[in-house]
Every structure is written in C-alpha cells, then in structure tokens.
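Dear colleague,

I am handing over the structure below, and after it I set out what was found. Please read the notes with the structure open beside them.

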Amino acid sequence: MYFNVYPSYMQALSMFLIVYAINDPLDEGSNHILSILGTLMYMFTFALGAGPVTGIIIPELSSAQTRSKVMGFSFSVHWVCNFLVGLYFLELVDKFGVGPVYGAFGAVSLISAIFAAYFIVETKGRSLEEIEMSMNARLPAKDK
C-alpha cells in the first residue's frame, strides 16, 4: 500500500501517550518528558503518513478528467479543517480539558488508519491509468 498505515497507527499511539502523560499521576518531570516525546512522535509520524496524503493519494485516485477539480476541493477541505482545529482548539481544551481533546485526536487518527488499511487501494508501481481501471472495475456496470 502506497499510504503506509503504520505511521497513522503511531500517530494515534502518540496522542494516547500524551493523554497518559496528562492523566497519570507520575512525577511531574516524567509527565513532561512523555508529553514532549508524544508530541515529537506525532509530528514525525504525521510527516511520514497522513501529512502528504492530500498531495499524493488524492491525485492518484482521481481520473485525469477530474483531477484538478478534486485536488482543488480536497486541498480546500484540508485547509478549512486545519483552520477549524486551530480556531476551536483552546475553546475545546477550556471546556473538556487537554486529555479528552488529545484523546479525540488520537481516536480520529486511529479511525483514519483503519480506514486507510481497508479502503485505500494499492498504488505502488502502477500507472494512473491502471489505478483508474481497477477502481472502475469495482463499480457496477451501467445499464444502457
């Protein structure tokens, strides 16, 4: 699979590590180290996995006729979601606390990894035309 799902699973694990560091009554120094380690691990695994998905997988899974429109739409949704997370993050932390917010981020990362493992088609070593034909083969035939 071109989009390797292991970094996405590691993203979820890193978010849950941060939640553990926030909620576990270890000494304060250990909690800080674990939360920093979780943050660094999240950034590293995001850069390897989910970060480049919009620019890599989306055009490979789009037909040549619709690729530019699909890319424009997917990047727009991507940046609107980034904006909304940045806009509401502190409000969510104030309302629910840091642990539940990072737990929700971890759950979303886990769901995206499971989705990628089961629903994203293999693209490695295949031309765009081969990918398009294999995806169209999954669709039911149109009645004329």
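**What was found**

Read from the N terminus on, the elements of the protein chain follow the order α-α-α-α-α-α, and the secondary structure accordingly comes to six helices and zero strands. Please bear in mind that this is a predicted model. Of the 144 residues in the protein chain, 28% count as buried.

Turning to the pockets, the largest pocket holds about 1,000 Å³ of space. It is lined by 27 residues, of which Tyr42, Phe46, Ala50, His78 and Val108 are the closest to its centre. Two or more lining residues are given by each of helix 1 (6-23), helix 2 (28-48), helix 3 (53-60), helix 4 and helix 5 (98-119). Sorted by class, the lining of this pocket has 19 nonpolar and eight polar residues, while charged residues are absent from it.

On the surface, there is a nonpolar patch formed by Val80, Phe83, Leu84, Leu87, Tyr88, Leu92 and Phe96, which together have about 660 Å² of accessible area. One of these residues, Leu84, lies in helix 4, which spans residues 67-96. Is Leu84 buried, exposed or partly exposed? Leu84 counts as partly exposed because its relative accessibility is 38%, and that class lies between the buried limit of under 20% and the exposed limit of over 50%.

With best regards

Methods
Residues are numbered from 1 along each chain as its sequence is written. This is a predicted model: local features need pLDDT of at least 70, side-chain atom pairs count only at pLDDT 80 or more; totals for chains, interfaces and linings use all residues. Side-chain values use heavy atoms; hydrogens and water are left out. Patches are made of residues with over 30% relative accessible area and no salt bridge: like charges are joined within 9 Å, nonpolar side chains (Val, Leu, Ile, Met, Phe, Trp, Tyr) within 5 Å. Accessible areas come from the Shrake-Rupley method with a 1.4 Å probe; for residues, only the protein chains shown count as cover. A salt bridge is a side-chain nitrogen of Lys or Arg within 4 Å of a carboxyl oxygen of Asp or Glu. Helices (H or I, at least four residues) and strands (E, at least two) are DSSP runs, numbered from the N terminus. Buried means under 20% relative accessible area, exposed over 50%, partly exposed in between (1.4 Å probe, protein chains only). On a 1 Å grid over the protein atoms alone, a cavity is a set of points where a 1.4 Å probe fits but cannot get out, and a pocket is an open set with protein on both sides within 12 Å along at least five of seven lines; lining residues have an atom within 4 Å of a point. Grid points are joined across faces, edges and corners, and a volume is the space filled by probe spheres set on the points. Ala, Val, Leu, Ile, Met, Phe, Trp, Tyr, Cys and Pro count as nonpolar, Asp, Glu, Lys and Arg as charged, and the others, Gly among them, as polar.
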